[in-house]
Amino acid sequence: MTTPRAETGRQDRAVLGSSDIDVVKALKDSVETARIPIVVVTALPLTADDRAKLTGSVMAIMEKGEFDRARFVTEIRRAMSGRTVVS
């Protein structure tokens with residue numbers, strides 16, 4: 001699998017035809033994208049096995065059915081804390 005287009009800031013597994021796990025693995029395996037903080041927001045429920053595979057590789061996992069805007073903002077701020085913004 002080629003590295004997803006991380007510069008968009010958003011990856012949609014349905015569009016990519018990949019699972020969350022495949023996308024995360026591709027991003028983490030690439031030197032160019034390995035340090036990008038990842039917040040997974042998924043419409044599909046994740047199995048306990050999927051969650052275990054993602055744990056440690058992503059900043060947060062959120063399901064759209066239980067989406068909480070305040071938590072989302074908190075997770076994005078946490079992911080971006082300490083990061084240098086390149087313009």
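Does Arg71 count as buried, partly exposed or exposed, and what is its relative accessibility? In this predicted model, Arg71 counts as partly exposed, because its relative accessibility is 37%. Keep that residue in view, and let us look at the partners around it.

Arg71 forms a salt bridge with Glu75, and the closest N and O atoms of the pair are 3.6 Å apart. Both residues belong to helix H4, which covers residues 69-80, and because they are four residues apart there, about one helical turn separates them.

Glu75 has another partner to find. Arg78 forms a salt bridge with Glu75 too, with the closest N and O atoms 2.8 Å apart. Arg78 and Glu75 are three residues apart in helix H4, again about one turn of the helix. Arg78 counts as partly exposed, at 41% relative accessibility.

Now move away from helix H4 to another pair. The side chains of Glu63 and Arg51 meet in a salt bridge, at 2.9 Å from N to O. Glu63 sits in strand E2 (residues 60-63) and Arg51 in helix H3 (residues 48-54), so this pair ties together parts that are twelve residues apart in sequence. Glu63 counts as buried, at 18% relative accessibility, while Arg51 counts as partly exposed, at 30%.

How many salt bridges are there by this rule? The count comes to five, and the pairs described here are among them.

Conventions
Residues are numbered from 1 along each chain as its sequence is written. This is a predicted model: local features need pLDDT of at least 70, side-chain atom pairs count only at pLDDT 80 or more; totals for chains, interfaces and linings use all residues. Side-chain values use heavy atoms; hydrogens and water are left out. A salt bridge is a side-chain nitrogen of Lys or Arg within 4 Å of a carboxyl oxygen of Asp or Glu. Helices (H or I, at least four residues) and strands (E, at least two) are DSSP runs, numbered from the N terminus. Buried means under 20% relative accessible area, exposed over 50%, partly exposed in between (1.4 Å probe, protein chains only).
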